[in-house]
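Subject: Structure handover

Dear colleague,

Please find the structure below. My notes on what was found in it follow.

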Amino acid sequence: MDFKKTILLLFISTALIAQTSGPINKEVIRKNYDKVIYVSEAGSDESGLGTKDYPYNSITKAIMNLENNGKTALFIAEGKYSVSSLKLKNGIELYGGFNSKTWERNIYKNITVITADSGKNAFICADNSVIDGFLFRKNIIRGKGAAIYSDGGSPVITNNTFTQNKTLCPLNWKPKYMHEPANDGGAIACENNSSPIISNNMFYKNYTENGRGAAIALNNNCNGEITNNVFIKNETGLNDPMRSSDGGAVSIFNWCSPLIENNIFIENQALASNDAGALFVALWCSPKIINNIFVGSKSGDDAGALFVGGQEHRYNSPLDPLPPKEKFFVEIDRNLFVGNSNPSHNSGVMRFTMESRGKFTNNICFNNSGIYFQRSETEIYNNTLLENFILIETKEGLGKSKVANNIIWGSLNIDAPSEFHNNIMKEKFDGKNIYKDPIFIDDSFILHPLAVSYESTRNFTNIYVSGLNLKPNSLKGRIVKGGNSWGVVKSNDESNIEIWGDFNDGLEFFVLQSLALSQKSPCINNGLDLKSVKHDYYKKKRPMNNRYDIGAIESN
């Protein structure tokens, strides 16, 4: 069998991710607003009144004529709209995806395209502004946030698609040191106490020439939520000799603490010698990273998928003192990492370093190029790690890392203060551990598609199979590999499977084993009762009677 023609479907993931991720077509109820203003390509800025029958022609005109006299929405019909760093107004809600004749809404059929004038952002957010149901395409700026920029506001950015947006390198940029800030946020940049809700969006092929976060960048005391989004093939560092383009998809920097939950990261890259192919976290940020899928991402240096660092790279001033635990603590729980890599083959999953503190629990990691904990203090509990495992170095002020109830089925490099207890391990190490094969269920099978087609406007592939009588949505959230490409199952019915990503040349599918435990596994009922780990990878409550299983998934 030619592996390059093969698609591998991994039987591990959470259905909840596939059910909620990506843009959702939602009806917007007219009666919920005191005023609705209508915009259409067929309208007129000279004679239009902003009504259904007499809409404005431009979003700019509609915003300029707004008065803050009640709850107001803009309904914007399908078509292409040009804007120029358009400053939104507080609390105003913008919705795209309307039919210009009936004013019925379908964001997939009635595509509303937003493109800024050359060298400008598209939108500059105000507090509590809503941006929902648009296609932001080919916005390019020599600055931050080519599609959307928020300075201190709290926008709601939902159900949009962002593609081919890009930030350019700063003019005459010749910093003395590496890792100096550049133009972050190829699609979205939020700064200075901004608390955005960025949910149910598609980010596909966005870029930075020199800057962090090709899809999203948060900087300087931002909070908010990044949830239920899909990130595919975003890239940082197209022109970066100075290592200032970390976070191929998302960058979280400088005391930010967002929730990052239920997102799918597929084949994102940090190019040149930059870190974190998918998600970069640094300078005392304390995000909660929960229930995400990271597949097929690559970095040019460290951390194929996820980089977490406390200190920043600093060359011309002293390092910061270590903050107290209550001010700096990173939670990483119930994530799936598959097929991520870095050039040194030591941190495909993650590099957790530079005086980081946190908790790494209930994660599943395999077929990556290793996991790396360095100069950190970490609680590493109940993970399934089919990876080479590195835990090295320490620094004054850091306590021991605690490693318990994990399946660690790879080589070890341990040279840091640590406590190992009750792990299933391939190589022997200090502490009371178990050295037996974890024994997973062998539940693999093969699919042969009869037809394959790629939906380019929505970035998924539809595959038709016959004779299997699949249960509706029984494959949701599972990971796919075809040749050298990765994807995640979006949905399925009896004979059709939708997969995030492009698999137009796929020939056959292999459903691999789930890494669920066999009833013969020595992991079952042999785990420690850890009060801080109350649930498993599927958020199933763990038994509190000293009958935990070892690893991420409870067997019963």
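Strand β24 (residues 250–253) and strand β28 (residues 279–282) run parallel and are joined by four bridges. Valine 250 has leucine 279 of β28 opposite it. Strands here are DSSP runs of E with at least two residues, numbered from the N terminus, and two strands pair if DSSP finds at least two bridges between them.

Before the rest, the conventions. This is a predicted model, in which local features need pLDDT of at least 70 and side-chain atom pairs count only at pLDDT 80 or more, while totals for chains, interfaces and linings use all residues. Residues are numbered from 1 along each chain as its sequence is written, and side-chain values use heavy atoms, with hydrogens and water left out.

Sheet

The β24 and β28 strands belong to an open sheet of twelve strands with parallel pairing, in the order β5-β8-β12-β16-β20-β24-β28-β32-β35-β38-β41-β44. At its edges are β5 (86–87) and β44 (412–415), each of which pairs on one side only. Strands of a sheet pair through backbone hydrogen bonds, either parallel or antiparallel.

Cores

The largest nonpolar core has 95 residues, and Ile59, Phe123 and Phe389 touch the most other members. A nonpolar core is a set of buried Ala, Val, Leu, Ile, Met, Phe, Trp, Tyr and Cys residues joined through side-chain atoms within 4.5 Å; buried means under 20% relative accessible area, exposed over 50%, and partly exposed in between (1.4 Å probe, protein chains only). Strand β3 (residues 72–77) supplies the largest share of this core, five residues. A second, separate core of 29 residues includes Met202, Ile293, Trp500 and Ile553.

Isoleucine 59 is in contact (heavy atoms within 4.5 Å) with residues including Val39, Leu74, Ile76 and Phe123, leaving aside neighbours within four places in sequence.

Two loop residues

Serine 194 lies in the loop between β16 (188–191) and β17 (197–199). Serine 194 counts as buried because its relative accessibility is 0%. Not counting residues up to four places away in sequence, serine 194 touches Ser150, Gly152, Gly153, Pro155, Asn221, Cys222 and Asn223.

Aspartate 127 is in the loop between β8 (123–124) and β9 (130–132), and at 33% relative accessibility counts as partly exposed. With neighbours within four places in sequence left aside, the contacts of aspartate 127 are Asn90, Gly91, Gly153 and Ser154. Its C-alpha atom is separated by 9.0 Å from that of isoleucine 92, 35 residues apart along the chain.

Salt bridges

The whole structure holds 15 salt bridges, each a side-chain nitrogen of Lys or Arg within 4 Å of a carboxyl oxygen of Asp or Glu.

- Aspartate 184 and arginine 212 form one, with the closest N and O atoms 4.0 Å apart. Aspartate 184 lies in the loop between β15 (166–167) and β16, and arginine 212 in the loop between β19 (207–208) and β20 (216–219), so the pair ties together parts 28 residues apart in sequence. Aspartate 184 is buried at 8% relative accessibility, and arginine 212 is buried at 5%.
- Glutamate 267 and lysine 233 form another, at 3.8 Å between the closest N and O atoms. Glutamate 267 is buried, with a relative accessible area of 12%, whereas lysine 233 is partly exposed at 28%.
- Lysine 325 and glutamate 379 meet at 3.8 Å, N to O. Lysine 325 is partly exposed, with a relative accessible area of 40%.
- Glu312, Arg314 and Asp320 are linked in a network of salt bridges.

Regards
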